[in-house]
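Here is a friendly walk through one protein model. Take a moment to look at the sequence and the 3D view, and then read on.

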Amino acid sequence: MPNRSGSTTEQEFEEFAQARAAQLYRSAWLLCGSHHQAEDLVQETLAKLYARWRRPFGRIDNPAAYAQTTLTRTFLGGRRLRSSGEKPYADVPEQLVDDPAAKADVRLALRALLAELPSADRVVLVLRYLEDLSVDEVADRMGASPGAVRNRSMRALERIRGLADDSLRIGKD
């Protein structure tokens with residue numbers, strides 16, 4: 001039970017934020033393609049989550065899912081507000097590379113391919129295939145219908161395969 005200052009609630013939030021920050025960052029980095037933008041997105045997500053956490057009747061049944069949904073919708077909302085013509089090409093953050101020799105090229109190629117996709121396509125692919133969420137979970141987090149998610153997923157996979165084929169052909173020339 002929280003005391004008058006709300007310290008138990010704040011402590012619970014801090015514990016949750018520390019436990020989920022790495023996973024949120026990984027998702028944010030895959031969505032943004034930039035270390036700095038990913039950090040900003042995680043910070044904005046945690047700020048929104050904290051505001052909800054502190055409400056008297058704001059108890060969240062599944063905080064991890066709520067955080068991921070907030071991250072996704074914040075990313076999509078930010079992309080709608082700003083020009084999405086930027087294509088970041090920063091280096092892969094060290095904490096994401098377990099075995100640099102074996103995985104660096106794959107991660108760089110994946111990041112470059114994801115950066116070429118529209119933000120909604122990127123969200124679908126990241127949540128569906130990299131975060132391993134169901135179609136219904138992705139639809140809920142995006143605020144879309146399951147049919148729209150399946151359709152976008154199919155088209156995004158076609159686009160990324162075409163981009164991958166093009167980049168492989170360019171590399172062989």
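Predicted model: local features only at pLDDT ≥ 70, side-chain atom pairs only at ≥ 80, totals over all residues.

Residues are numbered from 1 along each chain as its sequence is written, and side-chain values use heavy atoms, with hydrogens and water left out.

Let's begin with the big picture. The protein has seven helices and zero strands, where helices (H or I, at least four residues) and strands (E, at least two) are DSSP runs numbered from the N terminus. Going along the sequence, the pattern reads α-α-α-α-α-α-α. Of the 173 residues, 39% are buried; here buried means under 20% relative accessible area, exposed means over 50%, and partly exposed is in between (1.4 Å probe, protein chains only). If you take contacts (heavy atoms within 4.5 Å) between residues at least 6 apart in sequence, 64% of them join residues at least 24 apart. The accessible surface is about 10,600 Å², and 51% of that belongs to carbon and sulfur atoms; these areas come from the Shrake-Rupley method with a 1.4 Å probe, and for residues, only the protein chains shown count as cover.

Now for the charges. Side chains of opposite charge can pair when their charged atoms come close. The structure holds four salt bridges, each being a side-chain nitrogen of Lys or Arg within 4 Å of a carboxyl oxygen of Asp or Glu.

One of them joins Arg26 and Glu131, at 3.3 Å from N to O. This pair links distant parts of the chain: Arg26 sits in helix α1 (residues 7-32), while Glu131 is in the loop between α5 (119-130) and α6 (135-142), 105 residues apart. Arg26 is partly exposed at 33% relative accessibility, whereas Glu131 is buried at 16%.

Another salt bridge brings Glu44 and Lys48 together, with 3.8 Å from N to O. These two are separated by about one helical turn, because they are four residues apart in helix α2 (residues 35-53). Glu44 is partly exposed, with a relative accessible area of 40%, and Lys48 is partly exposed at 40% too.

Then there is Arg159 with Asp121, at 2.1 Å from N to O. Arg159 lies in helix α7 (residues 146-172) and Asp121 in helix α5, so the pair ties together parts 38 residues apart in sequence. Arg159 is partly exposed at 41%, but Asp121 is buried, with a relative accessible area of 1%. A network of salt bridges links Asp121, Arg152 and Arg159.

That takes us to helix α5 itself. Nine of its twelve residues are buried, so the helix counts as mostly covered. Among the buried ones are Ala120, Val123 and Leu127. What span should α5 have, and do its ends agree or disagree with it? At 1.5 Å a residue (times one less than the number of residues), α5 should span 16 Å, and its end C-alpha atoms are 15 Å apart, which agrees. After α5 comes Asp132, with a positive phi near 60°.

Finally, look at Arg122, also in helix α5. Arg122 is buried yet has no salt bridge, and the nearest side chain of opposite charge, Asp121, is 8.7 Å away; Lys and Arg count as positive and Asp and Glu as negative, while His and the chain ends are not counted. Still, a polar atom of the Arg122 side chain lies 2.4 Å from the backbone oxygen of Leu31.

How values were computed. Polar contact = N/O pair within 3.5 Å; in protein donor to acceptor, adjacent residues only side chain to side chain.
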